Amino acid sequence: MGLYALFILVPVVMSAWKSLTNENPLQDHARFIGAANYTEMLHDSALAASLTFTLVLAAVVTLAANALGIAFAMLLNRTSLSFRMMRTLAFLPQVLSGVIVGFVWRYVLAQDGVLNNILGSLGIISHPVTWLGSPHLAMFSIALVATWVLTGFTTVVHLAALQSIPVELYQAAMVDGAGRWQRFRAITFPMVAPGTTISVTISLITMLKLYDIIAVLTSGGPADSTQSTALYIIKLAFTDDRFGYASAVAMLLLAVSAVISLIVTGLLRRREVDL
Amino acid sequence: MRHKILTAACLAAGLALVTGCSAATPAGGAKGGSSLTYLTFETPSLTASFWDSSIANAEKKVPGLTVKKLVAPSTDRDAYAKQLQASGQFPDLLQSITPSTFATAGLLKPYDQSWVDANFLLPLGNAYKGKVYIPPTNSQIIPEVFYNKKLFAKAGLTAAPKTWAEFMADCAKLKAAGVTPIELGGGDPFSASMPLVGILSADILGKDPNWLQERYAGKVHFTDANVETAVAKYRTMVKNGYFETGALGVKYADSITNFTAGKTAMYMMGSWFLGSVPKANAADFGAFLTPTADGSLVVPFAVGGSMAISAKTADPAKATAFAQAWSLDPNNYKTLIEGDGAFPMLKGKTLADYNVNVTQVFKDSYSYVTSQNTKVSALGWATNDDSMPSGLNDAFYAASQALFTSDDVHGQMAKLDAAWDSATK
């Protein structure tokens, strides 16, 4: 409890206090300004854009990574050595630091990068695709890389859930003549629900605070199109010198993350209870 | 319960100890002397060994001083200095920061003006509100237009353009000859802004050198017709296909490689690019200034400098002595000139005095600095009173990237005005 208070509660309370001030990292004294930072947020178009991008990215990546996670988990749910090795490989992206992932993918997605070279040599494209150079493609690229990273995590979580399903259930279903799809719908999907709850919730939280991969891949560009809210907070604090306002935005992000996590967890838990 | 409280107390004490140890503590250095912290940054030219040897050389001239090098995690020294300040670790010495950002907060100590006057060509070149916070050791032209003479010849061009109309005509000829006219490393925001910096510096500041001061006073705006007309020139270049199609996906480092490898004919970049001109075929490269409508020369100029001194340093005398020794060391200038394309601004010296091996295109570019001509503050790069407010550079970079794909010049300029007003509120 002491550690929790020291590393979680104290910073949150300090941030909440700062959000009510006009603190500037270069000035010694901050002034209490009440809710002014919060009312300013209502008219901040850059915040609205970053929040929209963050929420869409979180939804898309969470869905994609968890769907892929279940699929890969089913493929890798074997006990032989080769499958155990493949499980390790599947988890590898999650182990790598976001900065390293960003640098690796930057080379893959560059104008003369690996992806364009492969697509070009296969005759699929005649000119290099600007994966990171146009706003919509840059958003897609961020989603692609984030999905790649998170899929390792969701695969392992779902794999653990799959291994807790009694084999007898599948055997009984097969005796009753259930096909693959029916076995998935009636047994696998409901039985991995606890794993899905954890996986979806952590995926969402990870995406809502995503910073490192975006910072390396696009720096929030082009033209701020991939600026996540976390990136915007750093810019406000250390470029615009507005610690107070940055703290207010951070509190908003914390509130949004908490509300979304609670709703999603509640919905998914209900599904678990229904089992 | 008592055990838990004790654990928390120990952790807190440990943290305080770690924080205390890592903070910039100027007192109590080796052998009873002073110990100061010095924020530096590394680039391919300004390597760790350069900083180590330059620090060691300056330390020798200040007995009893030990300098601890801090390295910014990126070339954005300002942002890192702010982080250090926010965590109570503001360095004693800070290399090549933007003085206005920190001087307004009273964090910097000005240099003795008589020392500056005695040693530098433009003593007030980077002065902020009449005081010099970083010695004006060197300068840059931001941007120049570098060009590949072989690719010009391939398109039948024999000389660099002098007017904007000639520039556009040359771009058209290059494109018709199958050569991409202009390289743009648009994947890095600062690099994406170079054409706009060139055009606005030439067209707006060239005609009204006080434009930035007038913007501070609210007398002029980015949405003014003359500014929007100038920005529209950039849109014309984009729409005519004078940059490579996927330029916003090209990183700054790759843009240098593309241009030096002969993939594109021209490159609008700060004169620090001179340090990247390949020595083997340096004669293939030339440089000119962003052309104006009437062909008059406008030099977008920025006087840089060495290190600022913290106003809170515990040993101002030794910090100043170290900074002065570093700023006058010819060995440092050799690296800055050859590797970083810096134009030296020491009084009474010629290039030969630095024992440097520079290219002809460097000498040609340096002549713009030493000649009498119209020098204006390079928009967004000046470190003097013409520096833009905190956060404006980022807004300018974002506008530059947006204008690569959007025709909404007025909308982007209105955003810049709003950002300016917010930053100066």
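In which sense do strand S5 and S12 of chain B pair, and over how many bridges? Here are a few notes to go with the model.

1. Strand S5 (residues 138-141) of chain B pairs with S12(B) in the antiparallel sense, over two bridges. Strands count as paired if DSSP finds at least two bridges between them, and Ser139(B) has Phe343(B) in S12(B) as its bridge partner.

2. A word on the basis: this is a predicted model, where local features need pLDDT of at least 70 and side-chain atom pairs pLDDT 80 or more, while totals for chains, interfaces and linings use all residues. Residues are numbered from 1 along each chain as written, chains are lettered from A, and side-chain values use heavy atoms, without hydrogens and water.

3. The open sheet of chain B has four strands in the order S12-S5-S10-S13, with mixed pairing. Strand S12 (343-344) and strand S13 (374-377) each have a single partner strand, so one side of each lacks a neighbour in the sheet. Helices (H or I, at least four residues) and strands (E, at least two) are DSSP runs, numbered from the N terminus.

4. Now to the interface: chain B and chain A each bring 24 residues to the contact (heavy atoms within 4.5 Å). On the side of chain B that touches chain A, eleven residues are nonpolar, nine polar and four charged (Ala, Val, Leu, Ile, Met, Phe, Trp, Tyr, Cys and Pro are nonpolar; Asp, Glu, Lys and Arg charged; the others, Gly among them, polar).

5. One salt bridge crosses this interface (Lys or Arg side-chain nitrogen within 4 Å of an Asp or Glu carboxyl oxygen). Asp241(A) and Lys82(B) form a salt bridge, with their closest N and O atoms 2.6 Å apart.
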